[in-house]
Amino acid sequence: MKNNFKILFGTLSVLFFATSCEQEFLDQTPTGAVITSEQLGEGIELNPKLGEATLTGLYATMFTTGTGGIGGAYDFGHKAHDIWGDMLSGDMALTLSTYGWYRSDITEFQAPTDFTRSNNYMVWRYHFRIINLANLVIESLGGSDFVPESQDAKNSMGQALAMRAYGYFYLSQYMINDVEASWQSATLPIYTTPGFEGAARSTTKEVYEFMENDLTKAIEYLDGYSRPTKTQIDKPIAQTLLAYVLGSRRDRWSDVVSLTTSALAGSSASPMTTDDSINGILGGFNDVNSQSWMWGVDLNADIGLGLTSWWGKMDYFSYSYAAYGDNKGMDSGLYESMKPDDVRRGQFYNVPGRNYLQPLFKFYDSDRVPQGTSTIVKADYIYMRYEEPMLLRIEALAQSGQEGQAKSSLKDFVATRVSDTSYIDALSGAALLNEIQLQTRLEFWGEGKSYLAMKRFKSTYTRGDNHVSFPGTTYSYNDERLTFEIPLQEIQNNLNINDQN
């Protein structure tokens, strides 16, 4: 797979990135040697491997720098948004700000509240770039309504549909304050073909129906698909993505139970245990081959990620910002919520001082050299792991009134993290849901899931005392400061953006 990505960047970069190198987001006449969906479809007929390479380019967008359209130290694909979400939720604290990254724009909420800020634009640009590239693949295979016949075509169509829904799901979370409250309101434009003709905004309801339709088809088409690496979306990932979509609606919990149950049964992954780490601390998160990883990418020196990367921003053992003065740590209040014997306490450096509550033992370059020696990232990126559908299923069981099953499953999970789970027996109603949410926040700290959980649970959080900005501030899931705005560039270039279909 590493060689595939190396070849891809040498041969297909024009195919994907020349189409949107200009700031004019809705440019319909891109310049350069850009392949059309018709040409791609003809090419796939002659050489099916071209379809695989096209999808590889789509997945490469998730970790390539600059795919959010702004460049600079923030713009490095999916994991860049994971950091933003964790910081906006407050679970990730900026504990030391030497270089200023993330301070004003994110931790002080300037980007989400100012539609002219470039970082606000990055959220929009990255996810619509994913959607556009997915549409290129879908159109080349016959279009959204076409039913492919060959298994290869079904596999390609299923992945592209799932990736299109992935783009819209994260847009719905980052761009919509409250899904329920905006159900009949115009929120996001829907695009089903390559290029951006300047569509009006559809309602949240229509966006959600669109995502569900894409993912339902994807699940059908990916049935029996055996992917070559964990970079590709397979059926269990598509099922988990649909579970996230329906869970964020908060009214389809029985379906979430069914989807996550099937995803867990169909996945080749398994729960992370203390044997899958160093010194039993559940740490590393640097190898796509880890037993719990369902979806991730195998990175290496040929890809050339360095300072501008998730590892550069997060890892004390990489030669970059997190090691030299832009520290990120667990919110102090969240840390103190853990049981004294919780194994996850050991993931964080619990000694007052410069590195207090940094994840020195959760995320680290495999060499584990303090402050690093290499400027090139070789540790891998994780997008999804087995515990996600596991905890989402527990949440859905509780939300759908199946508290007995929820508590039994929760105890099984918590028993792998603490010694005594008897306290769960007495929980019910809101107390049980609070515990499930707490376990979700503790388990996935730094993995980009806290923000999603905050919105699903309709929560209110208070920042701990180790935040550089606004310690002690309390804010709710639908606070304007936590949701990005439609960017200035889109308003200028899409004359229909303020209309409703």
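This is a predicted model: local features need pLDDT of at least 70, side-chain atom pairs count only at pLDDT 80 or more; totals for chains, interfaces and linings use all residues.
**Exercise 1. Work out whether serine 450 is buried or exposed, and which residues it touches.**

Start with its place in the fold: serine 450 belongs to helix 18, which covers residues 450–456. Next, check the relative accessible area, which is 2% for serine 450. The cut-off for buried is under 20%, so serine 450 counts as buried. Finally, look for partners beyond four places in sequence: serine 450 is in contact with Asp86, Ser89, Asp91, Arg441 and Tyr461.

**Exercise 2. Find the span of helix 15 and how many of its residues are buried.**

Take the length first: helix 15 runs over residues 387–399, 13 residues in total. From first C-alpha to last, helix 15 reaches 18 Å, close to the 18 Å expected at 1.5 Å a residue. Now go through burial: twelve of the 13 residues are buried, so helix 15 is largely enclosed by the rest of the structure. Among the buried ones are Glu387, Pro389, Arg393 and Ala398. Just past the helix, glycine 401 has a positive phi of about 90°.

**Exercise 3. Identify which elements give two or more residues to the lining of the second largest cavity.**

Begin with the cavity itself, whose volume is about 70 Å³. Then list the lining: Tyr244, Glu388, Leu391, Leu392, Glu395, Thr440, Phe444, Lys449, Leu452 and Arg456. Helix 15 gives the most, with four residues.

Terms used: Residues are numbered from 1 along each chain as its sequence is written. Side-chain values use heavy atoms; hydrogens and water are left out. Buried means under 20% relative accessible area, exposed over 50%, partly exposed in between (1.4 Å probe, protein chains only). Contact means heavy atoms within 4.5 Å. The expected span of a helix is 1.5 Å times one less than its number of residues. On a 1 Å grid over the protein atoms alone, a cavity is a set of points where a 1.4 Å probe fits but cannot get out, and a pocket is an open set with protein on both sides within 12 Å along at least five of seven lines; lining residues have an atom within 4 Å of a point. Grid points are joined across faces, edges and corners, and a volume is the space filled by probe spheres set on the points.
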